[in-house]
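Take a look at the structure below. Then work through the questions and answers that follow it.

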Amino acid sequence: MFAVENGLQGDPRLKAISDAIRVIPHFPKPGIMFQDITTLLLDPKAFKDTVDIFVDRYRDMAISIVAGVEARGFVFGPSIALAIGAKFIPLRKPNKLPGKVIYEEYELEYGNDCLEIDVGGVGDGERAIVIDDLVATGGTLSASITLLERLGAHVVECACVIGFPHFKGQSSLNGKPLYILVEPQNTN
């Protein structure tokens with residue numbers, strides 16, 4: 001579901017958020033139109049509006065875990081978690097977390113990767129959301145859901161700043177809803 005489908009149609013914040021995202025052609029490989037949120041972070045109002053929209057959505061949903069995908073999910077996740085009174089759980093690349101971890105391998109649109117989670121941070125039955133900057137194929141979000149559910153959490157929804165309108169990966173998200181703020185720019 002796009003934010004505009006959730007009552008934010010015509011909300012000027014969405015255009016400002018979209019306009020603040022830089023597109024870098026052929027990165028990290030030819031044919032990829034990389035959606036760079038670095039420029040969004042340089043715009044304090046657009047950055048705050050992005051976090052505020054997510055906070056407004058999740059404030060009253062009894063979320064106890066905001067899980068952020070390394071690295072760009074770390075940018076939005078802690079602020080959302082603090083604002084809604086939830087804990088932040090980092091989903092990290094291999095060998096970055098101390099202690100006991102579990103991992104999940106997944107495919108990206110341009111390769112393979114792996115995520116890990118610390119087994120001590122998630123309690124059975126906790127309500128979680130997963131936050132990342134962009135969804136393309138759904139592989140990263142799917143791996144995130146799998147990790148959280150293996151530890152007993154109930155993933156309520158996944159949320160991304162940017163999502164492709166043709167994204168068909170919801171089936172790969174184990175039936176979990178997906179909430180997206182804006183569509184990618186210059187994808188042709």
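## Questions on a predicted model

Q: Just after α5, which residue takes a positive phi?
A: This is a predicted model. Look just past the end of α5.

Q: Is α5 largely enclosed by the rest of the structure or largely open, and how many of its residues are buried?
A: A residue counts as buried under 20% relative accessible area. In α5, the buried residues include G139, L141, I145 and L148. The helix is largely enclosed by the rest of the structure, because the number of its 12 residues that are buried is 9.

Q: What span does α5 reach from its first C-alpha to its last?
A: Helix α5 covers residues 139-150, which makes 12 residues. At 1.5 Å a residue, 16 Å is expected. The helix comes close to that, reaching 16 Å.

Q: Which residue of β7 is the bridge partner of G68?
A: Strand β3 spans residues 65-69. It runs parallel to β7, and 4 bridges join the two. In β7, the partner of G68 is I131.

Q: Which element supplies the largest share of the largest nonpolar core?
A: This core has 32 residues, and L40, F54, V66, I80 and L181 touch the most other members. Several elements each supply at least two residues, among them α1, α4 and β8. The largest share is 6 residues, and it comes from α3.

Q: How many residues does the second, separate core have?
A: L40, from the largest core, touches residues including I17, F47, F76 and V161. The second core is separate, and its members include Y106, V135, L173 and I180. Its size is 27 residues.

Q: Within the salt bridge of K45 and D49, which residue counts as buried?
A: The two side chains meet at 3.0 Å, N to O. Both residues lie in α3, 4 residues apart, about one turn of the helix. K45 is exposed, with a relative accessible area of 56%. At 8% relative accessibility, the buried one is D49.

Q: How far apart in sequence are the parts that the pair of E126 and K87 ties together?
A: The closest N and O atoms of this salt bridge are 3.0 Å apart. E126 lies in the loop between β6 and β7, whereas K87 lies in strand β4, so the pair ties together parts separated by 39 residues.

Q: Is R13 buried or partly exposed?
A: R13 forms a salt bridge with D11, with the closest N and O atoms 2.8 Å apart. D11 is buried at 16% relative accessible area. For R13 the value is 21%, and the cut-off for buried is under 20%. R13 is therefore partly exposed.

Q: How many salt bridges does the structure hold?
A: Side chains of opposite charge can pair when their charged atoms come close. The pair of D11 and R13 is one case. The structure's total is 13.

Methods. Residues are numbered from 1 along each chain as its sequence is written. This is a predicted model: local features need pLDDT of at least 70, side-chain atom pairs count only at pLDDT 80 or more; totals for chains, interfaces and linings use all residues. Side-chain values use heavy atoms; hydrogens and water are left out. The expected span of a helix is 1.5 Å times one less than its number of residues. Buried means under 20% relative accessible area, exposed over 50%, partly exposed in between (1.4 Å probe, protein chains only). A salt bridge is a side-chain nitrogen of Lys or Arg within 4 Å of a carboxyl oxygen of Asp or Glu. A nonpolar core is a set of buried Ala, Val, Leu, Ile, Met, Phe, Trp, Tyr and Cys residues joined through side-chain atoms within 4.5 Å. Contact means heavy atoms within 4.5 Å. Two strands pair if DSSP finds at least two bridges between them. Lists of a residue's contacts leave out its neighbours within four places in sequence.
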